[in-house]
Amino acid sequence: MPTGRRPSGKRLPRQARAPKVGGYLWLCREGFEPHLFEELATQGANPALITRGLVASDSVPAASPAFARTGFLVGKVFDHAPGVLGFPDLVGTIARSLEGLVRDRVLCLQAFTPDTAAGNRLSADAEALVKPVREMVRVGRLVDDPKAARDAGGVLGQICLCSPEVLVVGWVAAREALSLAPGGRRRMRTGPADLSRAAAKLEEALDSFGLEPGKGESCVDLGAAPGGWTARLLDRGARVTAVDPANLSKEIAKHPKLKHVRASAFAYAPEEPVDWLFCDMAWRPLEVAQLLAKWGRHGWADFLVANVKLPMRDKNGVLRRVREILAGGGWKGMTLRQLYHDRDEVTVTARRR
Ligand SMILES: C[S@@+](CC[C@H](N)C(=O)[O-])C[C@H]1O[C@@H](n2cnc3c(N)ncnc32)[C@H](O)[C@@H]1O
């Protein structure tokens with residue numbers, strides 16, 4: 001569902017615009033284009049609304065945009081009415097553009113559409129381009145797995161079918177990509193239905209952090225009920241203190257490595273420092289940030305993974321304050337990202353050292 005206001009004087013165009021070659025194209029959750037636009041504008045990146053789920057900019061902002069799922073450098077734009085798929089020698093032209101952009105580096109090809117109803121109707125057409133382009137493109141080495149491209153210092157070749165009339169080809173260095181998933185849609189597999197969306201958020205957060213609690217590590221989970229995150233931490237062999245006045249699901253309540261503290265997280269302090277602090281509390285973001293900053297100042301945890309709720313209009317203003325408050329608490333290497341499984345919320349990761 002679209003949320004928030006459009007930036008003043010800026011409206012999503014009825015039909016997709018063509019982004020500029022040499023600029024950047026960003027994908028976001030539908031309805032969050034105004035927030036991404038504002039984030040890019042505040043950092044002087046001169047954004048433009050392209051269509052639902054897509055925002056362009058002239059440059060990459062210094063602070064990675066929280067509302068972008070992924071982004072890439074635009075190398076070639078096909079803007080062809082009545083339909084870009086009818087562009088003469090489309091596959092050959094895409095392959096030659098990628099050769100020029102990627103040269104002798106390792107390439108993983110990805111094709112995607114905006115994450116919208118209209119985009120989803122085009123996704124089979126976008127994906128159908130990968131095989132023929134792959135067969136034609138001549139670069140250093142082709143790989144199927146984006147992680148292999150990242151490990152080899154390679155690039156993700158990007159084919160974005162923005163609308164039936166606009167197709168964009170570009171690339172991003174795999175090590176610098178905001179996401180290795182095509183279009184930033186990192187779908188996580190989950191278990192029982194009631195715990196599944198929360199568990200998917202945690203799995204995606206840990207995947208994007210690139211670190212996770214190991215066997216025997218200690219975790220505190222603030223706002224843990226009904227227990228999706230806690231269950232995933234216990235599955236990893238971690239010891240978990242779940243802090244929430246509400247009940248935990250009966251599937252995990254008696255787990256030997258679990259302690260349930262039925263209290264407000266604001267009244268809780270750990271008996272000794274722990275390895276990991278998790279927080280998915282449904283509470284006001286600035287008060288949650290103050291609480292997490294207190295944990296940082298006391299050195300009560302080494303790593304932080306928190307989901308911060310953003311139901312208000314001025315999401316960017318609140319995010320700026322959250323960032324400042326957490327930095328004031330000594331949290332370092334902070335990332336704030338609206339991940340694929342996040343709705344009106346963002347995921348924060350950070351470490352103490
Ligand atoms: C979105 S749910 C958490 C879901 C959980 N991460 C999971 O995986 O099942 C939010 C939780 O925050 C808890 N909560 C709200 N205020 C709290 C507080 N002051 N202290 C502790 N928990 C709180 C609620 O009781 C609720 O269970």
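1. Asp280 places a polar side-chain atom 2.8 Å from a nitrogen atom of the ligand, a polar contact in the sense of a pair of N or O atoms within 3.5 Å. The protein covers 80% of the 600 Å² of accessible area that the ligand has on its own; accessible areas come from the Shrake-Rupley method with a 1.4 Å probe.

2. The model is predicted: local features need pLDDT of at least 70 and side-chain atom pairs count only at pLDDT 80 or more, whereas totals for chains, interfaces and linings use all residues. Residues are numbered from 1 along each chain as its sequence is written, and side-chain values use heavy atoms, with hydrogens and water left out.

3. Backbone atoms also approach the ligand. A backbone N or O atom of Ala265 lies 2.8 Å from a ligand nitrogen atom, and one of Gly228 lies 2.9 Å from a ligand oxygen atom.

4. The ligand is surrounded by 19 residues, of which the closest are Gly228, Trp229, Asp244, Ala265 and Asp280; a residue is included if one of its heavy atoms lies within 4 Å of the ligand. This shell divides into 13 nonpolar, four polar and two charged residues, where Ala, Val, Leu, Ile, Met, Phe, Trp, Tyr, Cys and Pro count as nonpolar, Asp, Glu, Lys and Arg as charged, and the others, Gly among them, as polar.

5. Helix 9 (residues 315–328) has 14 residues and should span 20 Å at 1.5 Å a residue, which agrees with the 20 Å between its end C-alpha atoms. The expected span is 1.5 Å times one less than the number of residues. Helices (H or I, at least four residues) and strands (E, at least two) are DSSP runs, numbered from the N terminus. Just after helix 9, Gly330 takes a positive phi of about 90°.

6. The buried residues of helix 9 include Val318, Leu319, Val322, Ile325 and Leu326. Buried means under 20% relative accessible area, exposed over 50%, and partly exposed in between (1.4 Å probe, protein chains only). The buried residues of this helix pack against helix 1, helix 8, strand 13, strand 14 and strand 15, contact being heavy atoms within 4.5 Å.

7. Ala246 is in the loop between strand 10 (239–243) and strand 11 (258–261). Its relative accessibility is 34%, so Ala246 counts as partly exposed. Not counting residues up to four places away in sequence, Ala246 touches Ala225, His260 and Arg262. Arg262 is 16 residues from Ala246 in sequence and 6.9 Å away in space, C-alpha to C-alpha.

Definitions and conventions
A polar contact is a pair of N or O atoms within 3.5 Å; within protein, one must be able to donate a hydrogen and the other to accept it, and residues adjacent in sequence count only if both atoms are side-chain atoms.
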